[in-house]
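The points may be read alongside the sequence and the model.

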Amino acid sequence: FASDPWLPPTMARTDAVALLSVNAAKGQEFDLVVVAGCLEGSLPLTAWPQGLFEAWRLDGDPGPVGHARAMLEAERRRFALAASRARDRVVFTSSRVDGRGEPSRFLLELGLEPPADPAPPDPNALGPLEAAGVLRRILADRDRPAAERLAAGTTLAAMPGVDPATWWWRRDWTVDPEPIAAEGRLRTSYSRIGTYEDCHLRYFFGSVAGLDDRSSYQMAFGRLMHTVFELAAKGEVAGEPGPLKTAFRERFDPAWFPSRAIAHQYWRDGMAMLELWHHGEAETAASALRFEVAFEMEVAGHLVRGRIDRVDQAEGGIALLDYKTARNPATEEEAARSLQLAIYYLAALRDPELAALGPPVEMELVYPARPRQGRFTRVIQRPGPDHAVQVERRLVALLEGAAAESFDPNPHADCRMCAFKPICPMWPQGEDFLAPTHPPEGLPEGSGGPQGGPPVGRGMGVTS
């Protein structure tokens, strides 16, 4: 209701509702004011606590009747204060609870006598969530006429933000019975095949079964920073702090984040990155050769796609850059082993657009969140003499494994942020889901999946 204290003043919403006491509203004005709870006993108060020392007695004792009259006049002034805060319209509300609660005498003085028996609420006057619930119940009620159910489904499909395909209880099987690699040819991206290298089963759950449809706030923030960096590097936004922050502010949405505190932290991180961009990156980015370069390449009969954030001129060739907004940069050792950078190197040799720019001499992961010596942190992978052969050998093994539907879990995978622990047989919570005590009838011992569970792969029968 009120403006959020975690957000800077420039981000405070102007369409919010102010929830105020009557005294706090003094001196303020609003187009619309709702004075809630206009009931006897609340507005006006009809009972007051009796203190040990009554200050009003210093003006002389008016007696109980005079005191009650003075208090009622004070309540009338409070009511007038609340009602006079509206420029255009004021609404008074009162409601009986279990037949108790009389409308305020002040309403009667204004000639606003509510009906003795208020009409029941209009069933059509519902909010979006309530309307969606009513329509879903109609759609699921097989005793209703087909025309009503069809009308409910059509209305639901037309409601903004309500997609029938996302109702988990209406989802069909998520695993396609067709081969994952049609005619033995796999089509994938470097990020997906990187997941396969970390854990085959995680690749299956996320990329094949389609169970991981999350778009995390870290991903949304990363896309925003990529966009602003690209606009600045191309000259579409001036490289000065003011225009950079304006572009960031226009695109930043606090609704991406699970809380206002986290949104505020990412807001501060983004502003700090833009300052650092201005001081350490603007000049070099202005001389970049390409931005957001998409590529496709054939590897052992499979198709690998991807996108490189930036291509710079380097001594003896080109440098391939990828921005990472994670707070903890990779180590030099991790960068040297990075499959993503290795695929960039292979793509720069095979993609015609990239190959025309020159040979790749280094691949960099650039971290704006943790600066070093006033510049973005960079970790670099430099190719050796037989780097292309090693990369292709490593990549072919992964592509062939995914195409052959080999989806065993990896006991050495990085499971910290994995969303599939509840259905993974390597974790206790996933054992009940995938690992029955005995194999299905007709299946010999040892022919199941990991830890004696059912075979993992095509036709597994996983539903979202």
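**Note on cavities, pocket and helix packing**

1. The lining of the largest cavity is made up of 11 nonpolar residues, one polar and four charged. This model is predicted. The space in that largest cavity is about 110 Å³. It is lined by 16 residues, and those closest to its centre are Cys-199, Arg-202, Cys-415, Cys-418 and Cys-424. Helix α6 (residues 200-208) contributes the most to this lining, with three residues.

2. Two cavities of 30 Å³ or more are counted. The second largest cavity holds about 50 Å³ of space. Its lining includes His-226, Trp-277 and Tyr-323. Helix α7 gives the most to that lining, with four residues, and β4 (290-299) and β5 (302-314) each supply at least two. By class, the lining has five nonpolar, one polar and four charged residues.

3. The largest pocket contains about 2,900 Å³ of space. Of its 49 lining residues, Ser-191, Thr-195, Arg-202, Lys-324 and Gln-340 are the closest to the centre. Helix α5 (residues 190-198) provides the largest share of the lining, seven residues. The lining comprises 16 nonpolar, 14 polar and 19 charged residues.

4. Helix α11 (residues 339-350) packs against helix α13 (residues 387-403) at an angle of about 115 degrees, with the axes 10 Å apart. The two helices are therefore roughly perpendicular, and their crossing is left-handed. The residues of this contact comprise 10 nonpolar, one polar and three charged. Among them are Leu-339, Ile-343 and Leu-346 in α11, and Val-391, Leu-395 and Leu-398 in α13.

Terms used: Residues numbered from 1 in each chain as written. Predicted model: local features only at pLDDT ≥ 70, side-chain atom pairs only at ≥ 80, totals over all residues. Heavy atoms only, no water. 1 Å grid on protein atoms, 1.4 Å probe; cavity = no way out; pocket = protein on both sides within 12 Å on 5 of 7 lines; lining within 4 Å. Points joined across faces, edges and corners; volume = space filled by probe spheres on them. Nonpolar A, V, L, I, M, F, W, Y, C, P; charged D, E, K, R; others polar. Axes fitted to C-alpha atoms, helices over the stretch in contact; angles between N-to-C directions. Parallel < 35°, antiparallel > 145°, perpendicular 65-115°, else oblique. Left-handed = near helix turned anticlockwise from the far one by under 90°. Contact = heavy atoms within 4.5 Å.
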